[in-house]
Amino acid sequence: EELESENKISSSKFEETTCSALQVDFLQAISQQLLQAQERSSAGAATTLSIGSNGRLTVGTAHGHLLSFHDQTLRWVCDSNGDNGAVTCLSYNHDGTRLLAGFARGLVYQYESIRGLILRKVTLGGELWGTLRVTWAGTSGLALDTGGSVWLIRFSRPLGVRSARVSCLFSGARGEVVAMAARDARILALATLSRVIIVAGGRAAGVRLDGPPDVLPVLEWCELDNRILVSARANIMQWLAVTIIGSSISLRPVQRVELKSTPIWLGWLGG
């Protein structure tokens with residue numbers, strides 16, 4: 001019996017250390033340069049990052065600095081945004097040529113990501129609310145502020161002059177949005193503390209969000225089937241089938257599982 005229990009313990013230890021779908025790599029060169037920037041140029045601690053295509057990675061700091069790397073080599077630094085507060089969120093577009101940066105004082109900057117040129121500066125709803133998250137919906141930008149409002153940023157270049165037009169897609173007065181995920185330029189998933197909401201073509205439909213109301217939810221669209229939205233809060237994860245026909249939007253639960261821990265982010269690895 002003692003031998004069997006020892007074998008069980010050793011096998012469980014072996015499984016815990018080897019049965020993982022993830023491989024963790026320490027980006028030593030980037031880490032060292034971030035520490036040097038924090039010590040020598042008062043960049044502040046790292047607050048957010050975004051990974052683009054072809055080995056690109058940009059890090060934002062607590063003092064508004066952006067440090068952009070390619071294959072762990074520092075390519076450019078933008079340290080002129082200190083008045084905007086901390087960098088709170090970053091997002092590359094699909095081909096990695098553009099970068100959106102959100103700041104604690106409610107601004108969003110668009111960068112040309114190869115050389116770090118500032119292309120556009122956008123103010124959302126004033127400096128009352130900070131920028132919580134930015135992402136892309138096709139060639140347009142989406143921003144979520146700390147007041148729970150969602151903003152659409154349409155970029156244009158009439159007569160060669162770069163411009164941006166901002167419109168509010170969802171007001172925090174209707175229920176503060178705490179998470180969002182764009183399926184494409186037309187369909188957006190939002191989560192408040194009580195509901196999951198689908199916005200498409202100016203229409204909206206929602207379902208009740210399971211889980212304790214004092215835990216923030218997370219959302220993500222399925223990569224293999226973009227009709228499926230996955231939401232999670234606390235230890236409950238559910239799959240929702242989203243159907244849009246004409247002016248009708250329906251959400252139907254298709255699967256529900258209980259987790260052993262609380263996720264703070266959802267993503268897909270190879271589908």
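In these legends, strands are runs of at least two residues that DSSP assigns as E, numbered from the N terminus. The model shown in every view is a predicted one.

View 1. Ser-68 is found in strand β3, which covers residues 66–70. Because buried means under 20% relative accessible area, Ser-68, with a relative accessibility of 3%, counts as buried. The side chain of Ser-68 makes a polar contact of 3.0 Å with the side chain of Thr-58.

View 2. Asp-71 lies in the loop between β3 and β4, the latter being residues 73–78, and has a positive phi of about 55° although it is not a glycine. Ala-234, which is found in the loop between β18 (228–233) and β19, likewise has a positive phi of about 55° without being a glycine. Asp-71 counts as exposed because its relative accessibility is 55%, whereas Ala-234 is buried, since its relative accessible area is 8%.

**View 3. The hairpin of β19 and β20.** Strand β19 (residues 236–245) and strand β20 (residues 248–258) run antiparallel and are joined by 10 bridges. Within this pairing, Met-237 stands opposite Val-257 in β20. Two residues lie between the strands of the hairpin, and Gly-246 takes a positive phi near 60° there.

**View 4. The largest cavity and its lining.** A search of the whole structure finds one cavity of 30 Å³ or more, and the space in the largest cavity comes to about 30 Å³. The elements that give two or more residues to its lining are β18 and β19, and β18 supplies the largest share, three residues. The residues that line this cavity are Leu-209, Asp-210, Ser-231, Ala-232, Arg-233, Ile-236 and Gln-238. By type, the lining of the cavity divides into three nonpolar, two polar and two charged residues.

**View 5. The largest pocket and the strands around it.** The largest pocket holds about 1600 Å³ of space. Strands that give two or more residues to the lining of this pocket are β1 (46–51), β5 (87–92), β9 (131–137), β10 (140–145), β13 (179–182) and β17 (218–221). The pocket is lined by 46 residues, and those that lie nearest its centre are Arg-133, Thr-135, Glu-220, Trp-265 and Leu-266. Of the lining residues, 26 are nonpolar, 13 are polar and seven are charged.

**View 6. Arg-157 in the loop between β11 and β12.** Arg-157 is found in the loop that runs between β11 (150–156) and β12 (163–170). Because exposed means over 50% relative accessible area, Arg-157, with a value of 51%, counts as exposed. Leaving aside neighbours within four places in sequence, Arg-157 is in contact with Arg-120 and Arg-162. Arg-157 and Gly-85 are separated by 72 residues in sequence, and their C-alpha atoms are 28 Å apart in space.

Terms used: Residues numbered from 1 in each chain as written. Predicted model: local features only at pLDDT ≥ 70, side-chain atom pairs only at ≥ 80, totals over all residues. Heavy atoms only, no water. Pairing = 2+ DSSP bridges. Helix = DSSP H or I, 4+ residues; strand = E, 2+ residues; numbered from the N terminus. Buried < 20%, exposed > 50% of the residue type's maximum accessible area, 1.4 Å probe, protein only. Polar contact = N/O pair within 3.5 Å; in protein donor to acceptor, adjacent residues only side chain to side chain. 1 Å grid on protein atoms, 1.4 Å probe; cavity = no way out; pocket = protein on both sides within 12 Å on 5 of 7 lines; lining within 4 Å. Points joined across faces, edges and corners; volume = space filled by probe spheres on them. Nonpolar A, V, L, I, M, F, W, Y, C, P; charged D, E, K, R; others polar. Contact = heavy atoms within 4.5 Å.
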